[in-house]
Amino acid sequence: MSQTAEDQQAGGEVDALYAESHEWKINVGDETIHAKRMEGRFRTLKWWAASSWLLFFFGPYLRWNGNQAILFDIPGRQYHIFDITILPQDVWMLSLVLLFLAILLAVVTTLIGRAYCGFFCFQTIWVDVFTWLEEKFEGSPAKRKKLDKAPFSLEKITIKLKKHLLWVLISMLTGLTFVAWFTDVYQLWVDYFTLSASSTEWGVLALFTVGTYVLAGFLREQTCFWLCPYARIQAVMLDRESMIPTYDFNRGEPRGRLKKGKTIEGNGDCIDCNQCVAVCPTGVDIRGGLDEGCITCALCIDACDSVMDKIKKPHGLIRYESIDALEGKVVMPLMKRPRVLVYFVIMSIAFVGIIYGLMNISGLDIKVLHERQPLFVQLSSGAIQNKYELKILNKTHDTMSVTIATEGLDGVELVGADEPFLARPGKVTPYTVYLRMPRRALESSSMPVYFTLVGVEQPELSAKYKSMFLGPR
Amino acid sequence: MSENNPFPNENNTGHFWDDTLRELSNDPPGWWRIGFHASWLWCIVYFFLYPSLPTLDLEGYTKGSMGWTSVSEYKEDLAKIDQVRQKWEDRINDPETTPAMILADNELRNYTVRSAKVLFGDYCSACHGSGGAGNSARSATESGYPVLADDDWLYGGTIEQIQMTITNGRKGIMPNYGTRLSEAEITDLAKHVVALSEGSEHAAGKELFMGPTKGGCFACHGMDAKGMDALGSANLTDAVWRFDVAGGDDHRQASALHTIAHGVNSELIDKASRNAVMPAFGPLGTRDLGAGTIKKLAVYVHQLGGGQ
C-alpha cells in the first residue's frame, strides 16, 4: 500500500517536471538562457573549482619580505615571485611555462574533455556567479522570464538596478584585482580612490569592468559559442576514448514520457522530462550526442540523477563515459594511448626545464660584446689588444661588487678590471675591459676565451660567458 | 523570377539559384550599423580636430582645432629625450668638470661614451675610422690617418693631452732630408728606423741618426729614439707606425724612406712632403664644437683602447 503511495508521490513530482518542461528549450541564440539551478555532486564540485579564483582576488595582498609576494612589474621589467626575481633575460622559462600549460590543457581535454571550460574558465565561473546573483534578486527562471517580458515599472527597475549595480561592482573589483598583479595593490586602492591612478591603470580598469560586465552579464554562453578560440581547439582534441558527460542511448532510448507514473512497455529509461536541458548553462541537449556548445560542466548529470532517484532507476543515464565504452568497444588503458604518452613526455620536458631554470637562476649574469670596429689593435709593444664591453646583470636587490677574470686562454692579460666593479641592483651595468696578448702567443686569428664573474661578498654568485680573442692572420 | 517566388513571405530579393539558394534582403545587424555611423561621424569630427583639407588657394591647409602638427609632436618628443639627458649634460657642460672626472664616474662615463659615439662618427671617423681604427695608407707615399685605439700617442695619451689635441689641433713638422742627404744615407737611415722598431739597430744608420753634422734625428726623436710628446715626434722604437701601409711590414722601409726624404708638413719646400694635420675643434678652429662636446670626444677617444 505504502509502495503505491510513494509511486504516486514520485508520479506527482514527475508530473511537475512535465508541467514545466515546455519552458526548457534548446539554445538557438534567440533568447537569454535562464538555466535551472539544482543541487548535486557536480554542482558542489563546480563551486569548489570556482573558489580557486579566490586566489586571483586575494593573491595580490600577500606580502613577502615587505614587498608584494607576486608582482609582475612591467615598467621595471621584473617579475617577483616570492624570493625569485625574473628578468627579461629569463624569459625562456616563460615559454616553457606556456608550453606546459598548453599541453596540460591538451592532455586534460583528451582524458576528460573540456573540464577547463566547465569548471575553471573565468567566463563560465563569472557567468555562474552573475546568474546566481540574478536568481537571488529576480527569482526562479520562470519568474525571470516573466519579469523580462513585463512592462517597465518602478518595481522592475528597482530589482534590475540592484542586480546590475552588483554586477558592475564585481566587474570593477575584477578589473582592479587584475591591475593589482602588476603594481602594488595597497597603493593602487589609494590611487583609485584619490583619482591619482595612471592612465594605464584607469584604462585597464575600464576595459576589464566593461569586459566583465558585458561578457558575463549579457553575452554569457554566446562567448563560448562564438568568441572563444579555446572552445574550438578543445573540441577537436577530444577522441573516442575521452571521458565526457554522455547520454547512455543504449539505456535511455527509445525515450518517452511516463504514463500514470509508469514507463511504457518497450521504452528506455529516459522519461523525456527535459531536466538535462533545463540546467544546461549553454542550453544544449546532451541527448543529441557531443555538442559544440557543451562545456562539460556535468550539471546535466546532477539533474538526470535526481530524476532517476524519483523514478527509482539507477544513476548514470547521463554520466562520464567514452563513446567507445558506450558502443561496447574495448577501452584502451590510459597509459597505452599514444596521445597521452606523447603529451606526457612533452609536459615532463617542459616541467624539468622550468625546474632546471628555477634552480639555476643566478643572481648574476654577464654578457660580453666584442668590439667590432676595430676587431683588434696592435699596441706599441707589438701585443694585440681586443676591446670588450661587459654587461653585468645584477638580479639581486642590493648593489654588488664583482670581480672579473678570464679563463681558457693562456698568456692573455686582462686590463681595466683591477678594481672590483659595482653592479647596480636589478639592472645591467656596462663596463669596458681590454685583453692583451703578445703577438707570438697567438695561435690563430680567433681563439675562444671565457669571462668569469664572481661576487666579492657573495662568492656563491657567479656567471660565465664565452667570447673570442681575435688577432691578425 | 519574382513572379513565381516559391518563398513569397520571407523578404528575399527574388534571386534564386539551385531551387532553394536565395538572397535575403535583411537589414544589416544593429552593431554593424552603429559602427558604420560612428565611423563617418568620427570622420567629420576628425576633419575639425586635425589638419585635413587643402585651402582653396592650394597654398595652405585647414589647421584643425587641436593645433596638432607632426613636427610639433616630434619636437615635443625630442624635448622629452633632452629632459632625460639634461642631468648628464649639465654635469658634462659644467666648467668645473674635467674629462678625468668623467672617466672616474662609471655612470657618467657610460653616458658620455654612448653620446660621443655619434659625435665621433660626425667629426672624427671620416679620418680616424669608426671606433678609432685608423685609415692606413695604400702606398708608401701616402700618409693615412693614425689609429686612436692603440696605445701609441704622438702628443701623449693622457686625457688632458687628448683634450688639448682635439681643442687646438696638431701639426707636427719634419724637415725633408732628400736635399741634404744622399740616397744611400737615407736608405741607411730607413733601415735603422725599421731595425729600431724590431728591437735592433743598423750601424751606419745609427751613426747618421746620432750624427751632429748630418742627419741628427735625435734632436727631435730623442737620444733613445722614443720621440717627444711636446714636439709630436714619433716613437721609432715601438711596433706602431704612424705612416704604416695597409697590407704589411714589407712596405715599412719604403715608407720610412719617403718620410725621411720628403719630411712631414713641409709642402712649402717639398711638394711630396707628407700631409699630417689634425684640425682644431676648439675656438681656434674653423668650427668650434664647444667645450662640452670636446670633453665627450676626449673621453671617447681615451677609452678606445690606449688612454693613459
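# A guided look at sheets, helices and loops

Guide: In this predicted model, chain A has an open sheet of three strands, in the order β3-β4-β5 with antiparallel pairing.

Visitor: What makes β3 and β5 of chain A edge strands?

Guide: Each of them pairs on one side only. In chain A, β3 covers residues 70–73 and β5 covers residues 84–86. Direction ignored, neighbouring strands in this sheet are turned by 10° against each other on average.

Visitor: How do you know that β3(A) and β4 of chain A are joined?

Guide: Two strands count as paired if there are at least two bridges between them. Four bridges join β3(A) to β4 (residues 78–81) of chain A, so the two are paired, and they run antiparallel. For one place to look, A:I70 stands opposite A:I81 in β4(A).

Visitor: Which strands are joined to β11 of chain A by bridges?

Guide: Strand β11 (residues 400–407) of chain A has three bridges to β13 (residues 421–423) of chain A. A further strand of chain A, β15 (residues 446–455), is joined to β11(A) by six bridges. With at least two bridges as the requirement, β11(A) therefore pairs with β13(A) and also with β15(A). Both β13(A) and β15(A) run antiparallel to β11(A). You can find A:S401 opposite A:L422 in β13(A), and A:T406 opposite A:F451 in β15(A).

Visitor: What residues meet where α4(A) and α17(A) come together?

Guide: Among them are A:W92, A:F100 and A:L104 in α4(A), and A:Y343, A:F351 and A:Y356 in α17(A). By class, this contact of α4(A) with α17(A) has 20 nonpolar, three polar and one charged residues.

Visitor: Why are α2(A) and α6(A) described as roughly perpendicular?

Guide: Helix α2 (residues 41–51) and helix α6 (residues 122–138) of chain A have axes that cross at roughly 115° and come within 10 Å. The range from 65 to 115 degrees counts as roughly perpendicular, and α2(A) and α6(A) are therefore placed in that class. The crossing of α2(A) and α6(A) is left-handed.

Visitor: Which residues of α2(A) meet α6(A)?

Guide: They are A:R43, A:K46, A:W47 and A:A50, and they meet A:T124, A:I125, A:D128, A:V129 and A:W132 in α6(A). This contact divides into five nonpolar, one polar and three charged residues.

Visitor: What is noted about phi of A:D272?

Guide: Phi of A:D272 is near 55°, a positive value in a residue other than glycine. The loop between α13 and α14 of chain A is where A:D272 sits.

Visitor: How far apart do the C-alpha centres of domain 1 and domain 2 of chain B lie?

Guide: They lie 92 Å apart. The domain assignment gives domain 1 of chain B as 2–49 and domain 2 as 173–275.

Notes: Residues are numbered from 1 along each chain as its sequence is written. Chains are lettered from A and ligands numbered from 1 in the order in which they are written. This is a predicted model: local features need pLDDT of at least 70, side-chain atom pairs count only at pLDDT 80 or more; totals for chains, interfaces and linings use all residues. Side-chain values use heavy atoms; hydrogens and water are left out. Contact means heavy atoms within 4.5 Å. Ala, Val, Leu, Ile, Met, Phe, Trp, Tyr, Cys and Pro count as nonpolar, Asp, Glu, Lys and Arg as charged, and the others, Gly among them, as polar. Domain bounds come from an automatic or database domain assignment. Axes are lines fitted to C-alpha atoms, for helices over the stretch in contact, and angles run from 0 to 180 degrees between N-to-C directions. Angles under 35 degrees count as roughly parallel, over 145 as roughly antiparallel, 65 to 115 as roughly perpendicular and the rest as oblique. A crossing is left-handed if the near helix is turned anticlockwise from the far one by less than a right angle, and right-handed if clockwise.
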